[in-house]
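Reader: I'm new to this structure. Could you walk me through what lies inside?

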Amino acid sequence: MKQKHILLADDDRELCAELSNILEENDYSVCCVHTGEDVIKKIKKEKFDMVLLDLKMPGIGGVETFRKIRKINPSLPVIIITAVLSSEVEKGFQGLETPPVIYKPFGIAKIMAHLKRVSGDAPPV
């Protein structure tokens, strides 16, 4: 199986470092960024298999970043990771497809199951 290349976007640098280490131990290649602007720059330059995207980041927020991702690469899988209430997530994505959402705090088993499902390595639940 080809190693999956993930773009992890979260302004919590500690979370990025911890999650990146765990994902790399599970044979994922990870690139961490901390702003929506950096997400856009990276996906214009590199090929990623999926994006883990926080909703609350400085500068461009997650919903606007998601819109820009869809314009650049409409088929790029995106998973939202957030501590925002589900009602706020629904409101933010109103009129858009709502990507899968993982609410913080989350266990590694949950995120691994989502990654496998989104990448097509596991059956849908």
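Reader: Which residues have the most contacts inside the largest nonpolar core?

Author: This is a predicted model, where local features need pLDDT of at least 70, side-chain atom pairs count only at pLDDT 80 or more, and totals for chains, interfaces and linings use all residues. Residues are numbered from 1 along each chain as its sequence is written, and side-chain values use heavy atoms, with hydrogens and water left out. A nonpolar core is a set of buried (under 20% relative accessible area, 1.4 Å probe, protein chains only) Ala, Val, Leu, Ile, Met, Phe, Trp, Tyr and Cys residues joined through side-chain atoms within 4.5 Å. The largest one holds 22 residues, and those with the most contacts inside it are L7, L53 and I69.

Reader: Which residues does I69 touch, leaving aside its neighbours within four places in sequence?

Author: Contact means heavy atoms within 4.5 Å. With those neighbours set aside, I69 meets V39, I40, I43, V51, L53, P74, L76 and V78.

Reader: How many disulfides does a search of the whole structure find?

Author: A disulfide is counted when two cysteine sulfur atoms lie within 2.5 Å. The sulfur of C31 has its closest cysteine sulfur in C32, 6.9 Å away, too far for a bond. For C32 the closest is in C16, at 4.1 Å, also too far. The search therefore gives 0 disulfides.

Reader: Is C31 buried or exposed?

Author: Exposed would mean over 50% relative accessible area, and partly exposed lies between that and the buried cut-off. C32, at 28%, is partly exposed. C31 has 13% relative accessibility, so C31 counts as buried.
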